[in-house]
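Could you walk me through this structure in my viewer, one selection at a time? I would like to know what to click next and what I will find there.

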Amino acid sequence: MQRLSVPRYIQWIFLTALFFLLLMTLLRLSLVLSFNRSSDFKSLLPAFWLGFRFDLRIVSIVSFLVFLFGSIKPLHPLQKKYGRLVSFIIYTLFSIVFTIFYTVDFPHYSYVGQRLNGSILNYLDDAKITMGMVWQTYPVFILILVLFASIFILIAVVKFMYNYILSKPITASKRSRLGWSLVFFVLLAIGIFGRVGQFPLRWSDAFAIGKDYQSQVALNTFQSFFSSLSY
């Protein structure tokens, strides 16, 4: 059954992507449960579906970077030392940015009723007043502890899945590795593009699904921040 054998490094990237995708979905659900402004949960289903596609784009971008470097033989994440190092640097940086963005996203939504976006940089104009407001409003020390603990847990999960896949025997043939690499590349490309069509998924699509609350639920904190910088 060689033709069904998925290369181990693709299995690792896929499992890691599923983990982050599930985590983003749970965080979106937590946002709804924490700041519920709609009694009709069914009306939020389109927002969850669109949000899933936003999340999939971010996860696909990170996965593509690991896949791209891993496709270079000297940087293979499961067979080469430097390949493992490069892969873990990518996932560590993503885990740090991921944790910071979502740690700020929830208080930001609680304060202004909007997901984290580029307007937060306006607070840097008077950093002293901003820091004073943050210090008086939020449990800063607890947030910092949560931040570091979350980063540690995310990296630990990535390493756990790495060791799990590494313990599995090598069963993929050269032909299956080539075939699965092509399939995985196409899937990641579709995930990054966001839809099957002429135009890619856009930040503005979130504001075309209904009320402002549904739009905020649909938004991904990364997509919201980087797409709103130009405004």
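Let's begin with salt bridges: searching the whole of this predicted model turns up three of them.

For one of these, select Arg28 and Asp55, whose side chains meet with N and O 2.6 Å apart. This pair ties together distant parts of the chain, with Arg28 in helix α1 and Asp55 in helix α2 (residues 45–70), 27 residues apart. Are these two buried or exposed? Arg28 has 3% relative accessibility, so it counts as buried, and Asp55 is buried too, at 0%.

Next, select Asp105 and Arg115, a salt bridge whose closest N and O atoms are 2.9 Å apart. Asp105 sits in helix α3, while Arg115 is in the loop between α3 and α4. Both Asp105 and Arg115 are buried.

For another bridge, pick Asp205 and Arg195, with closest N and O atoms 3.2 Å apart. Arg195 is partly exposed because its relative accessibility is 29%.

Now switch to helices. Select α1 (residues 8–34) and α5 (residues 140–166): their axes come within 9 Å and cross at roughly 150°, which means α1 is roughly antiparallel to α5. The crossing is right-handed.

Finally, turn to the surface and select Tyr82, Leu85, Ile89, Leu93, Ile96, Ile100 and Val104. Together they form a nonpolar patch with about 630 Å² of accessible area. One of them, Ile89, lies in helix α3 (residues 81–112) and is partly exposed, at 42%.

Conventions:
Residues numbered from 1 in each chain as written. Predicted model: local features only at pLDDT ≥ 70, side-chain atom pairs only at ≥ 80, totals over all residues. Heavy atoms only, no water. Patch = residues over 30% accessible without salt bridge, like charges linked within 9 Å, V, L, I, M, F, W, Y side chains within 5 Å. Areas by Shrake-Rupley, 256 points an atom, 1.4 Å probe, with all protein chains shown as cover. Salt bridge = Lys/Arg side-chain N within 4 Å of Asp/Glu carboxyl O. Helix = DSSP H or I, 4+ residues; strand = E, 2+ residues; numbered from the N terminus. Buried < 20%, exposed > 50% of the residue type's maximum accessible area, 1.4 Å probe, protein only. Axes fitted to C-alpha atoms, helices over the stretch in contact; angles between N-to-C directions. Parallel < 35°, antiparallel > 145°, perpendicular 65-115°, else oblique. Left-handed = near helix turned anticlockwise from the far one by under 90°.
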